[in-house]
Amino acid sequence: MDDAATVLSIGDDGSGRPTGIGDATPPRVDVPVVDVAGDVMTCDPDRVAGSDTLLEVASRMRSLLVAFLPVCDPDGALRGIIALRDLHRAVRGGVTVAATAASLTREPAVTIGVEDPVDRVPDLMARRRMWLLPVLDGRRLVLQG
(Lines give C-alpha, C1' and ligand atoms only; values in the text may rest on other atoms or scores of the structure.)
Protein backbone atom coordinates (compact mmCIF):
# COMPACT_ATOMS: atom_id res chain seq x y z
CA MET A 1 0.00 0.00 0.00
CA ASP A 2 1.26 3.44 -0.90
CA ASP A 3 1.64 5.77 2.12
CA ALA A 4 1.74 8.93 -0.03
CA ALA A 5 -1.32 11.11 0.15
CA THR A 6 -3.51 11.04 -2.85
CA VAL A 7 -4.61 14.43 -4.16
CA LEU A 8 -8.04 14.40 -5.65
CA SER A 9 -8.63 16.93 -8.38
CA ILE A 10 -11.63 19.04 -7.39
CA GLY A 11 -11.60 21.48 -10.23
CA ASP A 12 -10.83 20.88 -13.84
CA ASP A 13 -8.30 23.72 -14.07
CA GLY A 14 -5.62 21.71 -12.28
CA SER A 15 -5.41 24.09 -9.31
CA GLY A 16 -6.94 21.73 -6.79
CA ARG A 17 -9.66 24.22 -5.88
CA PRO A 18 -13.22 24.15 -7.05
CA THR A 19 -13.71 25.96 -10.28
CA GLY A 20 -15.73 29.10 -10.24
CA ILE A 21 -14.60 30.38 -6.85
CA GLY A 22 -13.07 33.78 -7.38
CA ASP A 23 -13.18 33.34 -11.13
CA ALA A 24 -16.88 33.48 -11.74
CA THR A 25 -18.89 36.62 -12.08
CA PRO A 26 -21.28 36.91 -9.15
CA PRO A 27 -24.91 36.29 -10.05
CA ARG A 28 -26.89 39.36 -10.94
CA VAL A 29 -29.27 40.50 -8.24
CA ASP A 30 -32.31 42.42 -9.39
CA VAL A 31 -32.67 45.27 -6.94
CA PRO A 32 -35.36 47.83 -7.61
CA VAL A 33 -34.11 51.34 -8.18
CA VAL A 34 -35.35 53.69 -5.48
CA ASP A 35 -35.41 57.30 -6.63
CA VAL A 36 -38.42 58.96 -5.06
CA ALA A 37 -39.96 59.11 -1.59
CA GLY A 38 -43.01 57.17 -2.75
CA ASP A 39 -40.82 54.12 -3.36
CA VAL A 40 -39.81 53.64 0.30
CA MET A 41 -42.74 54.78 2.41
CA THR A 42 -45.62 52.87 3.98
CA CYS A 43 -48.66 52.51 1.75
CA ASP A 44 -52.11 53.21 3.15
CA PRO A 45 -50.92 54.66 6.46
CA ASP A 46 -53.01 54.66 9.60
CA ARG A 47 -54.67 57.99 10.33
CA VAL A 48 -57.39 59.61 12.38
CA ALA A 49 -60.11 62.02 11.37
CA GLY A 50 -60.07 65.59 12.58
CA SER A 51 -63.46 64.95 14.16
CA ASP A 52 -62.23 62.00 16.27
CA THR A 53 -62.26 62.69 20.01
CA LEU A 54 -59.05 62.62 22.00
CA LEU A 55 -60.24 59.44 23.66
CA GLU A 56 -60.69 57.80 20.24
CA VAL A 57 -57.26 59.00 19.15
CA ALA A 58 -55.64 57.69 22.33
CA SER A 59 -57.38 54.34 21.87
CA ARG A 60 -56.22 54.12 18.26
CA MET A 61 -52.63 54.97 19.21
CA ARG A 62 -52.67 52.32 21.91
CA SER A 63 -54.03 49.63 19.60
CA LEU A 64 -51.45 50.48 16.91
CA LEU A 65 -48.61 50.98 19.43
CA VAL A 66 -47.68 54.35 17.90
CA ALA A 67 -46.96 57.78 19.35
CA PHE A 68 -47.86 59.87 16.29
CA LEU A 69 -50.73 59.81 13.81
CA PRO A 70 -51.63 61.94 10.81
CA VAL A 71 -54.95 63.77 11.06
CA CYS A 72 -56.89 63.94 7.80
CA ASP A 73 -60.12 65.51 6.63
CA PRO A 74 -62.83 63.35 4.99
CA ASP A 75 -61.20 63.79 1.56
CA GLY A 76 -57.86 62.45 2.80
CA ALA A 77 -56.15 65.86 2.92
CA LEU A 78 -53.60 66.11 5.70
CA ARG A 79 -54.65 68.49 8.46
CA GLY A 80 -51.63 67.92 10.67
CA ILE A 81 -49.99 65.47 13.05
CA ILE A 82 -51.13 64.57 16.54
CA ALA A 83 -48.67 63.17 19.06
CA LEU A 84 -49.27 61.14 22.17
CA ARG A 85 -47.53 63.80 24.24
CA ASP A 86 -50.05 66.35 22.90
CA LEU A 87 -52.84 64.18 24.28
CA HIS A 88 -51.11 63.95 27.68
CA ARG A 89 -50.55 67.71 27.85
CA ALA A 90 -54.13 68.46 26.83
CA VAL A 91 -55.66 66.16 29.42
CA ARG A 92 -53.31 67.42 32.17
CA GLY A 93 -54.13 70.97 31.11
CA GLY A 94 -57.83 70.43 31.60
CA VAL A 95 -58.90 69.94 27.98
CA THR A 96 -61.88 67.64 27.88
CA VAL A 97 -61.46 64.22 26.29
CA ALA A 98 -64.41 65.14 24.07
CA ALA A 99 -62.16 67.67 22.27
CA THR A 100 -61.28 66.68 18.71
CA ALA A 101 -58.03 65.65 17.08
CA ALA A 102 -58.19 68.72 14.84
CA SER A 103 -57.96 70.94 17.92
CA LEU A 104 -54.53 69.49 18.79
CA THR A 105 -52.90 69.03 15.40
CA ARG A 106 -49.61 70.65 14.69
CA GLU A 107 -49.91 72.68 11.54
CA PRO A 108 -48.27 72.98 9.22
CA ALA A 109 -46.97 69.45 9.24
CA VAL A 110 -43.58 68.83 7.69
CA THR A 111 -44.20 66.71 4.60
CA ILE A 112 -42.54 65.48 1.47
CA GLY A 113 -44.03 64.94 -1.98
CA VAL A 114 -44.49 61.50 -3.45
CA GLU A 115 -42.12 62.38 -6.32
CA ASP A 116 -39.47 64.15 -4.19
CA PRO A 117 -36.00 62.58 -4.22
CA VAL A 118 -35.66 59.80 -1.65
CA ASP A 119 -32.26 61.06 -0.55
CA ARG A 120 -34.00 64.07 1.07
CA VAL A 121 -35.95 61.84 3.48
CA PRO A 122 -33.26 60.91 6.06
CA ASP A 123 -31.85 64.43 6.23
CA LEU A 124 -35.27 66.03 6.60
CA MET A 125 -36.33 63.58 9.32
CA ALA A 126 -33.05 63.99 11.20
CA ARG A 127 -32.94 67.77 10.92
CA ARG A 128 -36.54 68.13 12.12
CA ARG A 129 -36.17 65.29 14.67
CA MET A 130 -39.20 63.50 13.23
CA TRP A 131 -40.43 59.93 13.54
CA LEU A 132 -43.23 60.38 11.04
CA LEU A 133 -42.93 61.96 7.61
CA PRO A 134 -46.18 62.15 5.68
CA VAL A 135 -45.90 61.76 1.92
CA LEU A 136 -48.43 63.81 0.01
CA ASP A 137 -49.85 63.72 -3.47
CA GLY A 138 -50.97 67.33 -3.58
CA ARG A 139 -52.62 67.78 -0.16
CA ARG A 140 -53.77 64.15 0.08
CA LEU A 141 -51.92 61.76 2.39
CA VAL A 142 -50.86 58.73 0.39
CA LEU A 143 -47.88 57.31 2.26
CA GLN A 144 -45.84 57.80 5.37
CA GLY A 145 -42.38 56.96 6.54
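The model is predicted: local features need pLDDT of at least 70, side-chain atom pairs count only at pLDDT 80 or more, and totals for chains, interfaces and linings use all residues. Residues are numbered from 1 along each chain as its sequence is written, and side-chain values use heavy atoms, leaving out hydrogens and water.

Start with the fold. The protein has three helices and seven strands. Both are DSSP runs numbered from the N terminus: helices are H or I with at least four residues, strands E with at least two. Along the sequence the order is β-β-α-β-β-α-β-α-β-β.

Now look inside. A nonpolar core is a set of buried Ala, Val, Leu, Ile, Met, Phe, Trp, Tyr and Cys residues joined through side-chain atoms within 4.5 Å. The largest has twelve residues, including Val48, Met61, Leu69 and Leu104. Helix 1, strand 3 (68–72) and helix 2 (84–92) each give two or more residues to this core. Helix 1 gives the most, with three. Apart from this core lies another, of nine residues, among them Val121, Leu124, Met125 and Met130.

Leu69 touches residues including Val48, Met61, Ile82 and Leu132, not counting those up to four places away in sequence. Contact means heavy atoms within 4.5 Å.

Finish outside. Leu55 is found in helix 1 (residues 54–64). Leu55 is exposed, with a relative accessible area of 55%.

Terms used:
Buried means under 20% relative accessible area, exposed over 50%, partly exposed in between (1.4 Å probe, protein chains only).
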